[in-house]
Amino acid sequence: MEVKVKIRRYNPEKGNEPFFQTYSLDVSPKETILNVILQIRGEQDRTLGFRCSCRSAICGSCAMKMNGQGGLACNTQVENVISKDGEILIEPAGNMDVIRDLIVDFNFFWDKIKQVTPYLQYSGPAPEREHLCSNEEMIDLSLVTECVMCGSCVSDCTVLEVDKNFLGPAALAKVYRFVSDPRDKANDSRLSQASQYTGMWDCTHCFKCVEACPKRVLPMERILSLRKIAMDSGHTGNVGTRHSKAITDSVEHSGTLNEVTVMPKSFGWWNIKENLALIPSGIRMMRRGKMPKLLHPKLPNMENIKRIFRKFKKK
Ligand code: FES
């Protein structure tokens with residue numbers, strides 16, 4: 001089939017602005033995007049810059065955006081990303097600085113990983129031969145350890161787009177990987193670090209990392225599990241936990257979200273600085289007629305909601 005491949009080009013050494021270049025070529029619908037790019041470089045344009053190595057979704061080096069979504073070029077087929085017009089848009093991975101064409105600066109990714117101490121921390125006496133774990137203990141880790149550090153999740157993370165301090169889905173999935181490993185003995189410090197600003201509570205559940213991950217690591221699911229582990233183990237003195245509890249309490253009590261109290265409860269009633277900072281938003285809401293009622297009403301039929309809560313609390 002005839003395809004038009006539109007690639008974002010950028011070469012700072014030549015001093016020009018990024019631009020899109022379109023190549024036409026004949027490929028099979030089953031061909032991988034990486035093979036398409038290799039064909040372009042081999043037959044049409046030797047200046048095209050990109051990374052690849054294993055061509056088997058193992059090394060993680062060919063992550064890029066294909067039709068707006070991050071993923072590995074070597075395990076994405078043409079037929080899965082081609083538009084109705086026969087066009088494929090290829091761009092460098094997001095959230096990282098572009099070095100040239102499809103090559104991004106991965107230091108941003110590695111800095112996040114390094115921050116979470118990405119290795120097993122064991123403090124007991126050294127085992128005679130090896131650390132033995134049961135299959136049951138390790139089964140939950142079998143998917144998360146499949147991560148090939150390709151950065152597709154980081155590329156598509158919507159929180160990183162607005163706050164570069166966020167640890168991001170790859171690093172937080174790595175925290176989960178060690179917190180859930182029975183051999184690791186640093187849960188307390190890992191959970192404490194990940195409970196602060198930039199950590200697990202900053203995820204907004206947009207699902208983009210889950211969609212982009214080529215390895216079923218499900219980073220967002222790991223972050224949600226991490227929150228539960230953190231709360232169950234007493235890491236509750238933070239805005240994220242209070243916010244979660246404020247929302248749950250409000251829905252359990254009235255059936256809906258009490259927008260007047262949720263933020264003060266999240267920051268803490270005596271956190272004068274943060275609460276005063278909410279006043280301008282309150283004034284804007286008032287001007288636009290969106291100010292919630294000060295006396296929060298209950299939904300008429302609360303029994304169903306209470307039944308759901310009773311069911312969850314029993315679990
Ligand atoms: S080339 Fe190794 S993951 Fe794609």
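**Reading contacts and burial in a predicted model**

Q: Does K65 count as buried or exposed?
A: K65 counts as buried, at 16% relative accessibility. The cut-offs: buried means under 20% relative accessible area, exposed means over 50%, and partly exposed lies in between, with a 1.4 Å probe and protein chains only. This is a predicted model: local features need pLDDT of at least 70, side-chain atom pairs count only at pLDDT 80 or more, and totals for chains, interfaces and linings use all residues. Residues are numbered from 1 along each chain as its sequence is written, and side-chain values use heavy atoms, with hydrogens and water left out.

Q: Which side chain does K65 meet in a salt bridge?
A: First the idea. Side chains of opposite charge can pair when their charged atoms come close. A salt bridge here is a side-chain nitrogen of Lys or Arg within 4 Å of a carboxyl oxygen of Asp or Glu. K65 meets D156, at 3.8 Å from N to O. K65 lies in strand β3 (residues 63-66) and D156 in helix α5 (residues 152-156), so the bridge ties together parts 91 residues apart in sequence. Helices (H or I, at least four residues) and strands (E, at least two) are DSSP runs, numbered from the N terminus. D156 is buried too, with a relative accessible area of 5%.

Q: How many salt bridges does the rule give?
A: The count comes to 15. One of them joins E252 and K313, with the closest N and O atoms 2.6 Å apart. E252 lies in helix α11 and K313 in helix α15 (residues 303-314), so this pair ties together parts 61 residues apart in sequence. E252 is partly exposed, with a relative accessible area of 21%. K313 counts as exposed, at 57%.

Q: Which residue forms a salt bridge with E303?
A: R310 does, with the closest N and O atoms 2.8 Å apart. E303 counts as partly exposed at 42% relative accessibility. R310 is partly exposed as well, at 44%. Salt bridges can also link up: R9, D45, R100 and D101 form a network.

Q: What span should helix α11 have?
A: The expected span is 1.5 Å times one less than the number of residues. Helix α11 (residues 239-254) has 16 residues, so it should span 22 Å; its end C-alpha atoms are 22 Å apart, which agrees. Just after α11, G255 takes a positive phi of about 90°.

Q: Where do the buried residues of α11 pack?
A: They pack against α10 (219-232) and α12 (262-267). Contact means heavy atoms within 4.5 Å. The buried residues of α11 are G240, T241, A246, S250 and S254.

Q: How many aromatic pairs does a search of the whole structure find?
A: A pair of aromatic rings is described by the distance of the centres and the angle of the planes. Rings of Phe, Tyr and Trp (its six-membered ring) pair if their centres lie within 6.5 Å; planes under 30 degrees apart count as stacked, over 60 as edge-to-face and the rest as tilted. The search finds 3 pairs. Among them, F109 and W110 are edge-to-face, 5.0 Å centre to centre with 85° between the planes. F109 is buried, at 1%. W110 counts as partly exposed, at 33%. F106, F109 and W110 form one aromatic cluster.

Q: Which charged end sits over the ring of F20?
A: That of K6, 5.2 Å from the ring centre. The rule: NZ of Lys or CZ of Arg is within 6 Å of the ring centre and within 35 degrees of the ring normal. The charged end of R177 sits over the ring of F178, 4.4 Å from its centre.
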